[in-house]
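Dear colleague,

I am passing on the structure below, together with my notes on how its parts touch one another. Please have it open while you read.

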Amino acid sequence: MAKKPDPVPVSLFIPRSYLTTEGNKTGSWRFLRPRYEEKTAPCSAACPAAEDIGKIEMLAAQGLFKDAWEAILRENPFPGICGRVCFHPCEDVCNRGSFDEAVAIHVLERFLANRARRGVFTPDLKRLAPKRQTVAVVGAGPAGLSAAYFLTLLGYRADVFEAADEAGGVLRWGIPLYRLPLAILQEEIRRIEETGVRIQTGNPISQRDINTFIEGHDALFIACGHGRSAQMGVPGEGLPGVQDGLTFLREIREGTISSLGGQAAVIGGGNAAVDVARSIIRLGGSALIVYRRRRRDMPAFGEEIAMALDEGVELRELLAPVAIRDSDGGLVVEVQPMQIAGTDTDGRAHIEPKGKKTEEIRVDRLFTAVGERPGEAWYEPPTEGNGVLRLSHCVLQQRASGPVVYGGDLTNATKSVAHAVASGKEAAMALDTFLAEGIEAVQPRLAACRVGEGPALSMEIYMHGPRSERSFHVVTSDEINTAYFQFDPRVRQPRLLREERVRSFGEVNLRISANLAIREAERCFNCGLCNQCDNCYLFCPDLAVKKDSGPLGRHIDYDYCKGCGVCAVECPRNAMILEEEAYEEGD
Amino acid sequence: MKKVIEGSQGVAEAVRLARVNVISAYPITPQTHIVETLSGFCSDGTLDARFLKVESEHSALAALIGAASSGVRTFTATSSQGLALMHELLHWASGARLPIVMAEVNRALGPGWNIWTDQTDSLAQRDTGWIQLYCEDGQETLDTTLQAFALAEQVNLPVMVVLDAFFLSHTYEPVDIPEQEAVDRFLPPFAPRFQLDTANPCAFGSMVTPDTYMEMRRSIAAGMEAALELLPEVEERFAGIFGRRWAAIEPVRCDDAEIILVTSGTVTGTCRELIGDLREKGEKVGLLKVKLFRPFPVEAIRRVLAPARKIAVIDRNFSFGASGIFAQEIRAALCNTPGHPPVFGFVAGIGGRDVTKDVLEGIYRQTVESDRPEREDLWIGLKEVPDALEHP
């Protein structure tokens, strides 16, 4: 073995420093300042109930199902109901829609409600200190129950007066069981009662009760809904065999109708018409929807129409009934073919008769579903006048004895459960502000609670929760850094087979598993919200993003942030903003 | 144990035996089987090293700079465009005095896209402060890789082990793979003279003013000079354990040679045969194999070449606007020797074209027949091509 060489001292003179570089405050070089600024997700602005959807999906993606469910409850007392019957305008504006497919928000809401039900979760919700005033709510439909729920959270005693034997309104009597099982409704009403809301059923309220503020309440919310069907104004409307759709649906829910044979026609194009037609199929009959405009003009939700047609409902478009006659134990409906002629001022297609020749349709019975009206004339809200405020989902009237708010279907242009919730929530906010600060404060206070451009209003913002820190800016799809997302198909809503659907009133939509729900929730971009992905922390070349124990979990050390903007650019979800540094005069 | 393996696999075996801690590489063309074999060793547990698959050669070397700063043994391999992409960090590695070892497979640079052998990629990095060792065959490549770690760690400079594409990297030859125990005796664990240490925090590579920078550069130069002195010691120690000896330069029958051919890389093997043939015919010809290109062993080369009548340098590389790069260096080594022989700079085998014994004999004949070179660069075997691009 060779002799080990003597060590040779090789020159090694290298730059090495034991001094900290922290004395060099490179933050003084900055002319752009990055800042954490959470923004508004388009879905949450499109949700009439202003649910914090981006946050809900973030929590769900982490498996924090109870927290996600509570986030819904902060804005909407009906996750189980809306997870079934909502027309989900949130999904239409989902930024993920321009990447691959919108997040299945509706399916996830239903999942979270189911999960809460299975886990028997008790919600932990913020409540304000009790107040001495009381509010009377007329009508235990979705608007009235929502108002009572939010008023209770705001510290009021809320008494709900319901004419029917059971609470729920249209949820109980109008929406068929295959869309909303009774147990779900009962449970969500029970949870509202558990917050302290008192519901008196079988207690119709008269106009005189209103004038006395129902024995001395400090404020009123009137949400009696549209309980009466509108008339077509066609000869023969009063014949036996002609029935209004709302009554028919109510009779099914009451259990007085269990089968129905023969051929029926349903006049109308709204959700009630589709519900009637699909119920007829389930009772054993055949259903034909006759609508004076086109399918695309129908106010009913597109998904409902598609499922109705799938189940065997027929649809005839551009036919307007002009007369109904008796014929051999059945009915003959004389219909006038119509054609489209431009657009009405409200944006709907204008129709006019096409030729003079009418057509006859033979049926065994006929249902009308051409719109609803308030049950009593005095339900109608005042239109103009002193002390009347038109809000986005309500009308507030200042009376000598106190404030009265009209809401729900009485004031909403779109008759949906989510809009009813919006109305009840707005009423609660308006009454609270009115009682505390007077009528002048109402509109500015509500404007401060809007989500994005509105009109959706957030109770969390109203109660000064963390959501009130966000900017109104609604995140657009080009503000998302899609480099951080991969194409991933949307979860499919599992459904009963058509053969099973048409035989029973069993719920059509089925549940999804927790792992599918987490995966779907992970698809959410969480537009404008920080989900602690750490990109800013990892990319900062100056180590100027510091973790802390604050609500955001991080802050920027402006002593060393040079303002390169890498953090803001690499933020996948636009939860950061880059602003020009404001130097003071003389700097 | 002798095995028939590729030159690439020989490098990988040496890296395994050197018990390297961190390997970082970018795995697509112009990469070779070196890192493919090593990733196999890492995944099957044969080698307990961290294998970093990075997104570019620039990152490959950057990652090793970080790893080596923490005082561990590091290795990467690359070629042509990949080496070019590392350029900035080649300077950083030597300036930071990090003993990183790299296998550099000589491949031609694009365009035109060509992955055959050509030395221009590594020679273009001659001023980056890396020690460069050009290998002739599979055994030398394996042995040199082991020696590279020993040398790098003694002088605190990075080492490039250079091997010809295909002729060496992809050619199967019988190679003796040493036993781990013997390698451990030759190459003990790396004992860094400095390293990142959280117990004693400091910053390396910080800003240096004109007051100090020049001395730091001189220190790198001193490290290169030390490498020149230490390589024979490393060789000696290696020979003592393994019985094989290579050298910075190897003169073959140069003592009485009138004409000396200068080669590097695999051309040397072909040239050895030619010299044997010519000597049998009575020609006074010799061969000088140059293995160590940086630091350039000027003194030793001058001693061998100065007495000859003519020198013919064979360059498988080219510096545009100048000449073959080895020829430049040889001319520079001789220029201060009064009455030194003329240097003929031949350019052959560019982009993987064969340099056969006939080609080399042609070079020899041309040197014999000319008193002085007609030009600084004498291109061998050029074909007729159109003068200008014909527009369609």
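In chain A, 22 residues of domain 2 are in contact with 29 residues of domain 3, where two residues count as in contact if their C-beta atoms, placed from the backbone, lie within 7 Å. Helix α4 (residues 79-85) of chain A gives the largest share of the domain 2 side of this contact, namely five residues; helices (H or I, at least four residues) and strands (E, at least two) are DSSP runs, numbered from the N terminus. By class, that side of domain 2 of chain A holds 14 nonpolar, three polar and five charged residues, with Ala, Val, Leu, Ile, Met, Phe, Trp, Tyr, Cys and Pro counted as nonpolar, Asp, Glu, Lys and Arg as charged, and the others, Gly among them, as polar.

Before going further, please note that this is a predicted model, in which local features need pLDDT of at least 70 and side-chain atom pairs count only at pLDDT 80 or more, while totals for chains, interfaces and linings use all residues. Residues are numbered from 1 along each chain as its sequence is written, and chains are lettered from A and ligands numbered from 1 in the order in which they are written.

The domains of chain A are domain 1 (26-38 + 530-580), domain 2 (47-124 + 473-522), domain 3 (134-227 + 375-458) and domain 4 (230-371), with bounds that come from an automatic or database domain assignment. Between the C-alpha centres of domain 2 and domain 3 of chain A there are 26 Å.

Chain B has two parts, domain 1 (2-242) and domain 2 (251-379), and their C-alpha centres are 28 Å apart. Here 27 residues of domain 1 of chain B are in contact with 19 residues of domain 2 of chain B. On the domain 1 side, α6 (120-123), β6 (131-134) and α9 of chain B each give two or more residues, and α9(B) has the largest share, with five residues.

As for the two chains, 25 residues of chain B are in contact with 13 residues of chain A. On the chain B side, α7 (138-155), β9 (203-204) and α9 (210-242) each supply at least two residues, the largest share, 13 residues, coming from α9(B). Twelve residues of that side are nonpolar, seven polar and six charged.

Strand β1 (residues 16-17) of chain A also pairs with β9(B), in the antiparallel sense and over two bridges, pairing being assigned if DSSP finds at least two bridges between two strands. Within β9(B), Ala203(B) is the bridge partner of Ser17(A).

With best wishes
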